[in-house]
Every structure is written in C-alpha cells, then in structure tokens.
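Here are my notes on the model you sent over.

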Amino acid sequence: ATWCRPCRQEHPALQDFYDEARSMNNVQVLTFSVDADPSRVLSYMKEKRYTFPVIVDRDLEVRLFLQEGGLPKSWVVGPAGRRSDAFQSWTFGRILLEVEKLAKAR
C-alpha cells in the first residue's frame, strides 16, 4: 500500500529482486496493493520509477493480509501452488531460502 510505511521501505529491495528475477524463466514477481484508489498506485509507481507488476484490489487486505497479521507480507509460491510462510525481508538470499524450503516440501 502506498500509505504503508513498512511497505514503502521494502519497495527498493523488491525492485532490485524484480530486476534480478526478470531474466529467470521460471520466476514471476507479482505484488498486490490494497489502496482504494488505483490512480494513486500508478502515480506512486511512476514517481518512484518502480516497474514491478502490481494488482490493485482493496478486498485483498481482508482475504490475504489481515489474517496473516497485517501489512506488508511476502510469500514464495511454488509451481504446485504451495505457499511459503509469510516473511518481510526482501533479500535475494531470503527468497532462495523460501524456494529451497518449498522444493523440499514436495
């Protein structure tokens, strides 16, 4: 969310991860915003020069984030649809750790 301070703090690292992951055929980065106004998200993304994809859907906050303890939340989802535990550290190493955990859980 554009109004979420922890979200805003993780966006530069998310952009860095997105830039690295773009060259991988089997990795997709997808983000969600719970802002009520999609134009605000577009303006924020343009101002910050972020290029990672964003789905704006206010209803996602209730379905995905509140039950998990609030914003921001990040997950890795494997090819079989299994989701990792939520985490907040957007480092490439942390993402790889979650991918490895999902691969072992198969």
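1. Start with Phe32. At 32% relative accessibility it counts as partly exposed, and it lies in strand 1, residues 31-33. Together with Leu30 and Ile55, Phe32 makes a nonpolar patch on the surface, and the three share about 250 Å² of accessible area. Keep in mind throughout that this is a predicted model.

2. Now the overall layout. You'll find 4 helices and 2 strands, and going along the sequence they come in the order α-β-α-β-α-α. The protein has 106 residues, and 35% of them count as buried. As for contacts with a separation of 6 or more, 47% are between residues 24 or more positions apart.

3. What holds the middle of the largest nonpolar core? This core has 13 residues, and those touching the most other members are Phe17, Val29, Met45, Tyr50 and Phe52. Helix 1, helix 2 (38-48) and helix 4 (92-104) are the elements that each give two or more residues to this core. Helix 1 provides the largest share, 4 residues. As background, nonpolar side chains in soluble globular proteins tend to be buried together.

4. Val29 deserves a click of its own. Which residues does Val29 touch, once those up to four places away in sequence are set aside? The list is Leu14, Phe17, Tyr18, Ala21 and Pro53.

5. Ala21 sits in helix 1, and with residues up to four places away left out, Ala21 touches Val27 and Val29. Is Ala21 buried or exposed? Ala21 counts as buried because its relative accessibility is 3%, under the 20% cut-off.

6. There is also a second, separate core of 5 residues, and its members include Ala1, Cys4, Cys7 and Val34. Both of these cysteines are out of the solvent by the numbers: Cys4 is buried at a relative accessible area of 6%, and Cys7 is buried at 3%. If you were wondering about disulfides, the count comes to 0, since a pair of cysteine sulfur atoms would have to lie within 2.5 Å to qualify.

7. Gln15 is a polar name to check in helix 1, which spans residues 5-21. Gln15 has a relative accessible area of 9%, so it is buried. Which residues is Gln15 in contact with, leaving aside neighbours within four places in sequence? They are Arg49, Tyr50, Thr51 and Phe52. Two of those names, Tyr50 and Phe52, also turned up in point 3 among the residues touching the most other members of the largest core.

8. That brings us to Arg49, in the loop between helix 2 and strand 2 (54-56). Arg49 has a positive phi of about 60 degrees, although it is not a glycine. Is Arg49 buried or exposed? Arg49 is exposed, because its relative accessible area is 72% and the cut-off is over 50%. So the contact list of the buried Gln15 includes an exposed residue, Arg49.

Note on methods
Residues numbered from 1 in each chain as written. Predicted model: local features only at pLDDT ≥ 70, side-chain atom pairs only at ≥ 80, totals over all residues. Heavy atoms only, no water. Buried < 20%, exposed > 50% of the residue type's maximum accessible area, 1.4 Å probe, protein only. Contact = heavy atoms within 4.5 Å. Patch = residues over 30% accessible without salt bridge, like charges linked within 9 Å, V, L, I, M, F, W, Y side chains within 5 Å. Areas by Shrake-Rupley, 256 points an atom, 1.4 Å probe, with all protein chains shown as cover. Salt bridge = Lys/Arg side-chain N within 4 Å of Asp/Glu carboxyl O. Core = buried A, V, L, I, M, F, W, Y, C linked by side-chain atoms within 4.5 Å.
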